[in-house]
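This briefing concerns strand pairing and salt bridges in the structure shown below.

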Amino acid sequence: MIPAQAPFNTITEERQTISDDEVIVHEDFDLSDAEAGNDVDDNRDINELEDVYIESDNTYRFFDNITLEEGLRYIAITKKLPRSTVNMLLALLRRKLNLRLPADSRTLLKTPTKVGLEIQHLLGGQFWYQGIETVLRNYFQDTIPQTDQFSLQVSVDGLPLFNSSARQLWPILIKVEELPNAPVMMIGVFCGFTKPNSITGFLQPMVTEVNNLQEKGMLFGDKMIHVKLRMFIADAPARCFIKATISYVGKHSCLKCSCVGIHEGSKVIFTSVDDELRTDAGFRNRVDKEHHKNWKSPLENLAEFNMIEDVIVADRLHLIDLGGTKKVL
């Protein structure tokens, strides 16, 4: 009779045999091959790490063209670092590297200290206007512009701040065509729970300054720069607001021609494509009275400004990126 433990012993012996075979296999294995394989893997890992370092270094190559303070300012703003964190970082760099750096983050970030005194409570909210000349001189600092003219594009639009509140911003932005690498600059902003209740109070400071700059120019050192307002850029509701015309869903709302729309259900459809075009003179003389509100836009006070051609109605954002082409695609 086979003992009760025999099956267990048999399995144990088989396992032992397999283990011996494994030992034989390991004895035939050349250790130098394993070391060579490890070297190849190590070299591959090192090369991959070098590629990562090179790629990461190229990403931040723009730091080569700015100063240390400008780099720290960029990091603090883009990463939204708290003021206490920036102060701690500045203290560490000053103490460990003996660098001449500001002691406070407000100095590093050039935080304006008198903006609160410049904010006006009007138009149904708060309005701040710093001006075109101020932002351009702040941009150039002590350098002389290479161009002889500043052609300005002005943009106005409403920006909701929160989903749970009606509070909104209405910034006035400019872009200089001759400075393609310069950022869009904010010359003024309104904050309130609705849009500004007076288009005159909102745009008149800018209109007054533009007329003055177009007449006198801007002097940088010994060089005089001419200023020209090229265009206004806005979406349909903002265009109606700044031009003081009826809503863009009205029958007389077309900004380019005098076509009168017809109601089709809840929509207004413009069926004609060859009606008389609107002109600057016709707009100012109120030829189509039903096209206008009861008040005038301060844009009509701009010198050498065409109320029809210089207010853009066809832009890529609303026609392609967010408009009909997007739906087709």
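Glutamate 133 counts as partly exposed, at 28% relative accessibility. The model to which this value belongs is a predicted one. Glutamate 133 forms a salt bridge with the side chain of arginine 137, at 3.0 Å from N to O, and a search of the whole structure finds nine salt bridges.

- Because glutamate 133 and arginine 137 are four residues apart in helix α7 (residues 132-140), about one helical turn separates them.

**Salt bridge between distant parts of the chain**

- Glutamate 304 and lysine 228 form a salt bridge in which the closest N and O atoms are 3.6 Å apart.
- This pair links distant parts of the chain, 76 residues apart: glutamate 304 lies in the loop between α10 (280-284) and β11 (311-312), and lysine 228 lies in strand β8 (residues 223-233).
- Glutamate 304 is exposed, at a relative accessible area of 65%, whereas lysine 228 counts as partly exposed, at 23% relative accessibility.

**Salt bridge between two loops**

- The side chains of aspartate 288 and arginine 278 meet in a salt bridge of 3.2 Å, N to O.
- Aspartate 288 belongs to the loop between α10 and β11 and arginine 278 to the loop between β10 (267-269) and α10, so their contact ties together parts that are 10 residues apart in sequence.
- Aspartate 288 is buried, with a relative accessible area of 17%, and arginine 278 also counts as buried, at 12% relative accessibility.

**Strand pairing around β5**

- Strand β5 (residues 168-176) pairs with strand β3 (residues 149-156) in the antiparallel sense over five bridges; in this pairing, valine 154 stands opposite isoleucine 174 of β5.
- Strand β4 (residues 159-160) also pairs with β5 in the antiparallel sense, over two bridges, and leucine 159 stands opposite leucine 169 in β5.
- Between β5 and strand β6 (residues 185-192), the antiparallel pairing extends over seven bridges; isoleucine 172 stands opposite glycine 188 in β6.

Technical notes. Residues are numbered from 1 along each chain as its sequence is written. This is a predicted model: local features need pLDDT of at least 70, side-chain atom pairs count only at pLDDT 80 or more; totals for chains, interfaces and linings use all residues. Side-chain values use heavy atoms; hydrogens and water are left out. Two strands pair if DSSP finds at least two bridges between them. A salt bridge is a side-chain nitrogen of Lys or Arg within 4 Å of a carboxyl oxygen of Asp or Glu. Buried means under 20% relative accessible area, exposed over 50%, partly exposed in between (1.4 Å probe, protein chains only).
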